[in-house]
Amino acid sequence: MPRTNRLVYFLGVATFLLFLIFIVIPKLQNPTPTSYLDVQQNPVAGGGRQEQPAAGGAEGAEGKGQAPPPVPRYMSWFPHGDFTEQHESFRNALRIAYDTKRIIIAPMLRLGKPYPWLPFNQLAQRYEAQEKTILRRICKTPEAAEQWRIDLEPCYSMNEWTEIPWSTLFDFTQLEAEFGIQIIERVRDHNWGKHESAVGFIDSVDIVDPMSFAANGSSVEHGEQIVQPPEPLRKPLKKYLSAEQLASLDATLVQFGALSSAARYRTRSSKGQSALKRALNSRLFVTPNNLAPVTNTANQMIGALGGRRRYSSLHLNLAKFIALDARISTTDESALSSVARKELMNAVVLEIFGDIPINQAVSATMPLQSSRLSELLSSPQVNRRQLLNACVEYRATIDPRYPINYLVNDITNDPITRPDLFGPLMETFPCTFSKSDMHKWNIFDPTWAYQIPHMGDQGVDYETLLGPIIDILMASDAYSFFEIPQTPLTRFMRWQPKKST
């Protein structure tokens, strides 16, 4: 080749390399958006990649037999709702993490005073506002720049809620041992995105929420074109993220909004995914029994009721029941007349008879056989502490079908003080007891809530906030569980392991 041609060839190659270095590569390496609310306006388009991370390949490459990326990749979400909604979000996170080989960065569990689903922007702000170290400071000394926090989390209600790590209640070791799912809990603060404190440097973040951003995912209704509506968003968009779109996300950290809807985030079918689903529906991450003082308190009440599977757990959501009754014009129980209250509870009793096993229903309607229980109930004044013992004795020695109930309701902590409301229930099912009864009779240690040394949220009533967890443990060991009307808690209770007596 003549020297002139070689020179031209060399200059051409050099020019092409310079073009790649200074023009093409910088365009592929746009700066990653920062965290907090300055990134929420830049959701990943179509569920694909928003930024090219410094290292690591696309998840989809694994399907072609390539090795997984050497750099860890993470995912997180913003919690909302009550315990069951937050638990459902975590379950969906486990499913997504298993499919995409990401490490979970789990926000803490919020107990008390839940807030509903919100679009990504508002949900992110609600999450940041929960930082109690800042809230306590600005509640003492107001700061104009931080006023938005106490607008969302008022100072007067700061002790009505708290946050605890999920591992306080659940053991995660088997999830990693059996399915390789790694979980890191964010416990120090409420930073997220590129400011994530639970792990080291995060060089790229994808913002994903098909319920908030029209740019994410596919339409739920085939063929429908969804345009981003004006703010504020009033209800979730009809969008979902396909398994392929989830797998294509390639940032170091994927920050989801709400994860409480399984249908909005689809994962690839596999034997492993099926095995994970079976485990989550029967034995893993289903019973919150990892906190000894809470578990011991439940066990003491279970023993007083006769032991495992010797009683039923009855949850009455009376506010919801009233709202569903077309005959009642108000949703406020205190505004009901005495006749309306009696009719309300009579309707509840009929619902219970329709739900309980037939052998218990028959036993409840039959006359009591001669016993200490029949003697107590025929006396004008019933000593309820003696009644508990007589009920357990009657079921153990005379009629093993006779119903003993552990009652939870949303109107009063002490149902026995409201005969105007609970009278018909107590008459039909006299062996019905509550946590308040157990507390008055010293069935459990009244100081149990103070035996949790690592919970230092001062001013918070842990006995009240952890009460629903105790109720779940009571229901998990019951012979049967009834909820009227049903909520997602009924679905949660179906996952509890089946236990022998």
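How many aromatic pairs does a search of the whole structure find? The search finds 22, where rings of Phe, Tyr and Trp (its six-membered ring) pair if their centres lie within 6.5 Å, with planes under 30 degrees apart called stacked, over 60 edge-to-face and the rest tilted. Please keep in mind that this is a predicted model, in which local features need pLDDT of at least 70 and side-chain atom pairs count only at pLDDT 80 or more, while totals for chains, interfaces and linings use all residues. Residues are numbered from 1 along each chain as its sequence is written, and side-chain values use heavy atoms, leaving out hydrogens and water.

Here are two of the pairs.

| Pair | Centre to centre | Angle between planes | Type |
|---|---|---|---|
| W166 and F170 | 6.1 Å | 35° | tilted |
| F353 and F429 | 5.3 Å | 35° | tilted |

W166 is buried at 2% relative accessible area, and F170 is buried at 2% as well; buried means under 20%, exposed over 50% and partly exposed in between, using a 1.4 Å probe and protein chains only. In the other pair, F429 is buried at 2%, whereas F353 is partly exposed at 25%. F353 belongs to helix α11 (residues 338-355) and F429 to the loop between α15 (419-428) and β12 (432-434), so that pair links parts of the chain 76 residues apart. Helices (H or I, at least four residues) and strands (E, at least two) are DSSP runs, numbered from the N terminus.

F90 leads us on to the core. The largest nonpolar core holds 81 residues, and F90, I104, F256, F433 and L466 have the most contacts inside it. Such a core is a set of buried Ala, Val, Leu, Ile, Met, Phe, Trp, Tyr and Cys residues joined through side-chain atoms within 4.5 Å. Helix α2 gives this core its largest share, seven residues.

F256 takes us to strand β9 (residues 253-256), where V254 and F256 point one way, L253 and Q255 the other, and all are buried. Strand β9 pairs in the parallel sense with β1 (residues 74-76) over three bridges and with β6 (residues 205-208) over four; pairing requires at least two DSSP bridges between the strands. Q255 is the bridge partner of S76, and V254 stands opposite D206.
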